[in-house]
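Please keep the sequence and the structure in view while reading.

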Amino acid sequence: MEEKVVLVTPNDEVLGLMEKIQAHKNGLLHRAFSVFLFNNEGKMLLQQRSSNKYHSPDQWTNACCSHPRENETYLDAAMRRVNEELGINCQLEDKFHFIYKADVGQGLWEHELDHVFIGEYNGEYRLNPDEVSAIRFVTLEELDHEVAQQPEMFTEWFKIILKEYRDRL
């Protein structure tokens, strides 16, 4: 099944649908979400993207990122993908949204109206190997140090979203 993204204006007005890879090749603005999960110690969950991903394989990123389907809310999409990728269910809170554009290599762009969700989870995980190779928890201070020392180890969008998140704390 061909995966499509919802193309939008900067005001989130729907323009139509486009196949995901084509939208990324064309750098067209589309709906997206990002999930930041923390444990009860305040450490952030990072996921390492599967080596099978068509862009940014093996890089570390936030708990989950993806795109709502047509007629799916941002929250419903975020909860669906957290379950599909990490095998969990948890409460999520929509913290903010913003627009960014990032070159992810291979002629592909992430140009997204991104809703950022925050949640807490302390249970077991069931990782989907097609999506996630590994997970780990870090403090925000450890993460800032790692990103500064080895930025190539992290996805381009995560670095942008993390800065936006830190600016809004």
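A residue counts as buried when its relative accessible area is under 20%, as exposed when that area is over 50%, and as partly exposed in between. By this cut-off Cys-90 is buried, because its relative accessibility is 12%. The model is predicted, and the points below are grouped by topic.

**Overall architecture**

- The chain contains 4 helices and 9 strands.
- Read from the N terminus, these elements follow the order β-β-α-β-β-β-β-α-β-β-β-α-α.
- Along the principal axes, the C-alpha atoms occupy a box of roughly 40 × 35 × 30 Å.
- Of the 169 residues, 49% are classed as buried.
- Among contacts with a separation of 6 or more, 63% join residues 24 or more positions apart.

**The largest pocket**

- The largest pocket holds about 620 Å³ of space.
- Its lining consists of 34 residues, and those nearest the centre are Glu-3, Lys-20, Ser-66, His-67 and Arg-81.
- Two or more lining residues come from each of helix H1 (20-26), strand E3 (30-38), strand E4 (44-49), strand E6 (64-66), helix H2 (74-86) and strand E8 (108-120).
- Helix H2 gives the most to this lining, with 4 residues.
- By residue type, the lining comprises 17 charged, 8 polar and 9 nonpolar residues.

**Helix H2 and Asp-76**

- Asp-76 is a residue of helix H2.
- Asp-76 is partly exposed, because its relative accessibility is 45%.
- Asp-76 and Phe-33 are 43 residues apart along the chain, and their C-alpha atoms are separated by 10 Å.

**Cysteines**

- A disulfide is a covalent bond between the sulfur atoms of two cysteines.
- The count of disulfides in this model is 0.
- Is Cys-65 buried, partly exposed or exposed? With a relative accessible area of 21%, Cys-65 is partly exposed, whereas Cys-90 is buried at 12%.

**Positive phi angles in loops**

- Most residues other than glycine have a negative phi.
- Asn-71 is not a glycine, and its phi is positive, near 65°.
- Asn-71 is placed in the loop between E6 and H2.
- The relative accessible area of Asn-71 is 77%, so Asn-71 is exposed.
- Gln-106, which is not a glycine either, has a positive phi of about 55°.
- Gln-106 belongs to the loop between strand E7 (92-105) and E8.
- Gln-106 is exposed, because its relative accessibility is 64%.

Conventions
Residues numbered from 1 in each chain as written. Predicted model: local features only at pLDDT ≥ 70, side-chain atom pairs only at ≥ 80, totals over all residues. Heavy atoms only, no water. 1 Å grid on protein atoms, 1.4 Å probe; cavity = no way out; pocket = protein on both sides within 12 Å on 5 of 7 lines; lining within 4 Å. Points joined across faces, edges and corners; volume = space filled by probe spheres on them. Nonpolar A, V, L, I, M, F, W, Y, C, P; charged D, E, K, R; others polar. Disulfide = S-S within 2.5 Å. Buried < 20%, exposed > 50% of the residue type's maximum accessible area, 1.4 Å probe, protein only. Contact = heavy atoms within 4.5 Å.
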